[in-house]
Amino acid sequence: MHFAEAGSMRDRLIVGLDLPTLSEAEKAVRELEGAVSFYKIGYQLAFAGGLDFARELASGGTKVFLDMKLLDIDNTVAKGVENIVKMGMTMLTLHAYPRAMRAAVEAAKGSDLCLLGVTVLTSMDEQDVIDAGYEYDPHTLVLRRSEQALHAGMGGIVCSAEEAQAVRRIVGPDLAVVTPGIRPSGSDHGDQKRVVTPAQAIRNGASHLVVGRPIVKAPDRRAAAEAILAEMQSA
């Protein structure tokens, strides 16, 4: 499958269930039924019963992106990935460190789990990267980690939509390029520093867009999702 042209826009929009309680997440999914078919579950919801909820969604045919950003010794990463495969998840993130990626790829072999390498968090700018001890600027670090993810056999990359075009040139058409930090025109950026509109992200080569607060914090979640889908269609 060429992820650069992955399915309908509805299959390419991932709604981040960045909500504090399971009841709120369940309500959001009910409100978005029919408009959205793919959800991201991260730390906030995972530690409030979200892992069982992820299993329920997956067993009902809904796609789930488990955003755990794994990073640990090889064996620990591998054993975690083996159990996540059994959960029926569609996507899983880990930090794009070569040894962790190789261990995860081996553990997921033969499954449909798409492993995504997180390059540089979209909340980080150049000073943040320097403060973290890296010798590269964010763009260079993203490209280096994208090359490493490709060589490790990963299923895709998580990067800012600003970097999606450059990443797509490195990884080719077959890998997923998943972009958070998406904000509709005129919306608040929150704590994100590297943000792009939905249409621009698609034009830049993103296969999937992760949108959290602009949808789940909207007064009318369904209308917000449909507006973002319309923006994606206009790309």
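Trainee: At what angle to strand E1 does helix H11 run?
Mentor: H11 (residues 221-233) lies across strand E1 (13-16) and strand E8 (208-211), going by contact, meaning heavy atoms within 4.5 Å. Helices (H or I, at least four residues) and strands (E, at least two) are DSSP runs, numbered from the N terminus. Axes are lines fitted to C-alpha atoms, for helices over the stretch in contact, and angles run from 0 to 180 degrees between N-to-C directions. On that scale, H11 runs relative to E1 at about 145°.

Trainee: What kind of model is this, and what pLDDT do local features need?
Mentor: Residues are numbered from 1 along each chain as its sequence is written, and side-chain values use heavy atoms, with hydrogens and water left out. The model is predicted: totals for chains, interfaces and linings use all residues, side-chain atom pairs count only at pLDDT 80 or more, and local features need pLDDT of at least 70.

Trainee: E1 and E8 pair, so to speak, but over how many bridges?
Mentor: Two strands pair if DSSP finds at least two bridges between them. Val15 has Val211 as its bridge partner in E8. The pairing of E1 with E8 is parallel, and the bridge count is three.

Trainee: Which residue of E2 is the bridge partner of Gly16?
Mentor: E1 and E2 run parallel and are joined by two bridges. Val15 takes Tyr39 as its partner in E2. For Gly16, the E2 partner is Lys40.

Trainee: In what order do the strands of the barrel run?
Mentor: The barrel is closed, has eight strands and uses parallel pairing. Neighbouring strands of this sheet are turned by 25° against each other on average, ignoring direction. The order is E1-E2-E3-E4-E5-E6-E7-E8.

Trainee: Are the E1 residues Leu13, Ile14, Val15 and Gly16 buried or exposed?
Mentor: In a regular strand the side chains alternate between the two faces of the sheet. Here Leu13 and Val15 point one way from E1, and Ile14 and Gly16 point the other way. Buried means under 20% relative accessible area, exposed over 50%, and partly exposed in between (1.4 Å probe, protein chains only). All these E1 residues come out buried.

Trainee: What phi does Lys69 have?
Mentor: Lys69 lies in strand E3 (residues 63-70) and is partly exposed, since its relative accessible area is 22%. Lys69 touches Tyr43, Thr93, Leu94, His95, Val118 and Leu121, not counting residues up to four places away in sequence. Most residues other than glycine have a negative phi, and most peptide bonds are trans. Lys69 is not a glycine, yet its phi is positive, about 45°.

Trainee: Which residues does UniProt mark as "active site"?
Mentor: Asp72 sits in the loop between E3 and H4 and is partly exposed, because its relative accessible area is 45%. UniProt positions follow the numbering used here, feature names are shortened, and annotations may be inferred rather than shown by experiment. The unreviewed UniProt entry places "active site" at Asp67, Lys69 and Asp72.

Trainee: How far apart are the axes of H4 and H5?
Mentor: Val77, Ala78 and Val81 of H4 and Ala100, Ala103 and Ala104 of H5 are among the residues making this contact. Helix H4 (residues 74-86) and helix H5 (residues 98-108) pack at an angle of about 35°, and the distance between their axes is 8 Å.

Trainee: Last one: at what angle does H8 run to E7?
Mentor: E6 and E7 run parallel and are joined by three bridges, with Gly156 standing opposite Ala176 in E7. Helix H8 (residues 161-171) lies across strand E6 (156-158) and strand E7 (176-179). To E7, H8 runs at about 170°.
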